[in-house]
Amino acid sequence: MSSELDPIIHATSRLRIMTVLSRVGQGEEISFERLRQLLNMTPGNLSVHLSKLEGARYLKQSKTFEGRKPITYITLSAKGAAAYQEYLEQLTRLLSGADSDSLRS
Amino acid sequence: MSDKTSQLPAHRAQSDQAEAEAIENPAQALGLVNEQNRRVSSMLASGSQRICLVWGLVWMVAYLTLAVSSLLNHAVPSLWAFLLYGLAIMVGVVLSIVLGVRTGSGFRGESNIRGTAFGWSWILAFIFGMSMCTVMVTHFGLQDWQISMLYNSVAVLIVGIQYMAGSSLGSFDLPMFLCVVFMLLLCVVTLFLAGTVGYLVMALLGGGCFLALALLTYRANRVRGVRGDEHVV
């Protein structure tokens with residue numbers, strides 16, 4: 001049943017990352033540190049999962065400076081937004097199917 | 001977890017991490033989405049909730065000061081009361097700016113620009129609104145009891161119109177819309193309330209409206225889940 005779900009998104013940390021980025025909105029950017037605080041993850045752990053999502057082209061990372069301080073901003077890509085939306089729809093379908101099965105049995 | 005896994009063989013550490021990342025079933029996935037949406041909603045709303053809380057308390061303190069002073073001073077607040085009122089308003093402005101900047105910190109994009117513009121619109125609306133009142137007072141030679149009604153009514157009107165603008169920045173916000181309606185009604189009511197009564201109404205109903213909005217927004221965001229129909233403002 002769960003094998004239908006996008007394996008890139010279907011992992012605890014990456015699902016949470018995609019949820020936050022979707023709420024922030026496509027075209028809007030959130031800093032690495034702000035994202036880390038929202039997710040309560042360690043920097044290393046977050047980096048690993050962001051890299052995986054960026055590898056799938058679900059998000060983009062851009063590095064810049066604010067004053068002398070390096071900052072990384074993350075934004076959801078169009079592909080990522082579509083993939084997340086599809087993931088939620090599949091999730092809803094699976095849960096509706098599961099409810100129907102339990103009623104029949 | 002990362003400290004313990006670093007002491008394990010690499011394949012064992014990877015296996016443990018994969019296990020921790022695994023989602024067992026769709027219901028668990030939905031639970032994660034809902035919980036994360038709630039956290040984001042709470043974070044996004046916390047800034048405006050705190051600003052409403054600040055202004056609720058500022059209005060209560062500021063207008064109660066004028067009310068008490070006018071009660072003791074033949075229906076006209078004394079100079080010290082107006083100075084305290086001005087100080088309370090300045091404290092509110094400074095705290096609002098600080099809270100607004102902190103809320104928008106770490107975000108970049110059109111929403112940040114909208115938020116900054118909205119913040120400035122409050123400041124400019126009050127500067128020009130209160131200046132307009134001052135000109136009217138001078139031009140028409142208004143009496144003390146008329147002056148308080150004019151300033152109170154225009155202040156409440158500005159708040160109502162600003163909240164009306166704010167409610168259109170994102171998805172429909174019922175608590176904010178109710179606040180708009182209440183403030184616009186209060187704007188008319190204050191035109192009939194002079195002196196101490198007018199100041200008391202501003203303190204308790206005007207300030208109370210801000211506090212109620214902070215509470216309603218807090219409660220609304222506690223239940224927001226998969227719908228997640230609010231974006232960064």
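Modeller: Leaving aside its neighbours within four places in sequence, A:Gln90 is in contact (heavy atoms within 4.5 Å) with A:Glu4, A:Leu5 and A:Asp6. A:Gln90 belongs to helix 4 of chain A, residues 78-104. Helices here are DSSP runs of H or I with at least four residues, strands are E runs with at least two, and both are numbered from the N terminus. A:Gln90 has a relative accessible area of 15%, so it counts as buried (under 20%; exposed is over 50%, partly exposed in between; 1.4 Å probe, protein chains only).

Some ground rules. This is a predicted model, in which local features need pLDDT of at least 70 and side-chain atom pairs count only at pLDDT 80 or more, while totals for chains, interfaces and linings use all residues. Residues are numbered from 1 along each chain as its sequence is written, chains are lettered from A and ligands numbered from 1 in the order in which they are written, and side-chain values use heavy atoms, without hydrogens and water.

Now the annotation. An unreviewed UniProt entry places "domain: Winged helix DNA-binding" at residues 14-95 of chain A. UniProt positions follow the numbering used here, feature names are shortened, and annotations may be inferred rather than shown by experiment. That span is 61% helix and 23% strand, and its end C-alpha atoms lie 20 Å apart.

Four strands make an open, antiparallel sheet in the order 2(A)-3(A)-1(A)-1(B). Strands pair if DSSP finds at least two bridges between them. Strand 2 (59-66) of chain A and strand 1 (107-108) of chain B stand at the edges. Each has a single partner strand, so one side of each is left without a neighbour in the sheet.

Take the pairs in turn. Eight bridges join strand 2 of chain A to strand 3 of chain A, in the antiparallel sense. A:Gln61 stands opposite A:Ile74 in strand 3 of chain A. These two strands form a hairpin with two residues between them, and A:Gly67 in the turn has a positive phi of about 75°. Strand 3 of chain A is largely enclosed by the rest of the structure, because six of its eight residues are buried. Strand 1 of chain A (residues 29-31) runs antiparallel to strand 3 of chain A (residues 69-76), with two bridges between them. There, A:Ser31 has A:Tyr73 as its bridge partner.

Helix 1 (residues 12-24) of chain A touches strand 1, strand 2 and strand 3 of chain A, together with strand 1 of chain B. Its direction makes about 85° with that of strand 3 of chain A. Helix 3 (residues 43-55) of chain A touches strand 2 and strand 3 of chain A, at about 125° to the direction of strand 2 of chain A. Axes are lines fitted to C-alpha atoms, for helices over the stretch in contact, and angles run from 0 to 180 degrees between N-to-C directions.

Helix 1 of chain A is mostly covered, with 12 of its 13 residues buried. Among them are A:Leu15, A:Ile17, A:Met18, A:Val20 and A:Leu21, and also A:Arg14, A:Arg16 and A:Arg23. Just after helix 1 of chain A comes A:Gly25, with a positive phi of about 105°.
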